[in-house]
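Me: Got a model open here. Can you walk me through it?

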Amino acid sequence: MKLIQEFKEFAIKGNMIDMAVGIIIGASFNKVIDVLVKQVFMPPLSLLSDGIHFQDKVWVLREAVNDASGVVVAEQISIGYGALIEAFLDFIIIGFTVFIVVKFMNRLRNKSQDPKNKTVVTPKDIQLLAGITDLLEEQNAMLKGKMKS
């Protein structure tokens with residue numbers, strides 16, 4: 001019974017819900033990044049590397065050995081350095097795309113949290129904090145004026 005009670009507390013406190021929301025948003029964000037990379041960034045890049053297929057690039061350590069009838073006795077052994085290059089390029093492209101998206105989202109968030117920006121509705125908590133900051137600055141200015149007198 002204690003295990004069930006602990007699970008209820010875990011689920012009700014929001015840990016499980018927070019995790020679920022994070023996973024769902026992460027999956028959706030992954031779809032956005034996937035489309036940005038495959039449909040927006042890759043077509044122009046493929047024009048630059050016209051005809052180059054990195055998957056085909058290998059460093060052959062031993063050629064395949066065939067017997068007299070053409071049956072493969074020993075398969076080719078090779079290092080697929082092209083796959084590594086392609087994975088590295090994918091990593092850079094995806095990392096850059098995530099950077100651009102996060103930078104854009106941070107700009108929007110900063111704009112919405114700026115209490116002086118009247119074009120975007122500022123959240124109530126930010127308005128209250130800005131008001132408190134202004135009052136503290138006025139109070140400090142008054143106290144400094146009294147100390148000098």
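Me: Which elements each supply at least two residues of the nonpolar patch?
Reply: β1 (59–62), β4 (77–79) and α3 (81–113) do. Helices (H or I, at least four residues) and strands (E, at least two) are DSSP runs, numbered from the N terminus. This is a predicted model: local features need pLDDT of at least 70, side-chain atom pairs count only at pLDDT 80 or more, and totals for chains, interfaces and linings use all residues. Residues are numbered from 1 along each chain as its sequence is written, and side-chain values use heavy atoms, without hydrogens and water.

Me: Which element gives the most to the patch?
Reply: α3, with 3 residues.

Me: And which residues make the patch?
Reply: W59, L61, I77, I79, Y81, I85 and L89, over about 640 Å² (Shrake-Rupley, 1.4 Å probe). Patch residues have over 30% relative accessible area and no salt bridge; nonpolar side chains are joined within 5 Å, like charges within 9 Å. A salt bridge puts a side-chain nitrogen of Lys or Arg within 4 Å of a carboxyl oxygen of Asp or Glu.

Me: Why does Y81 count as partly exposed?
Reply: Because its relative accessibility is 38%. Buried is under 20%, exposed over 50%, partly exposed in between (1.4 Å probe, protein chains only). Y81 lies in α3.

Me: T97, buried or exposed?
Reply: Buried, at 1% relative accessibility.

Me: What is T97 in contact with, beyond four places in sequence?
Reply: I33, L36, V37 and F41. Contact means heavy atoms within 4.5 Å.

Me: Switching topic: what order do the elements run in?
Reply: From the N terminus, α-α-β-β-β-β-α-α. That is 4 helices and 4 strands.
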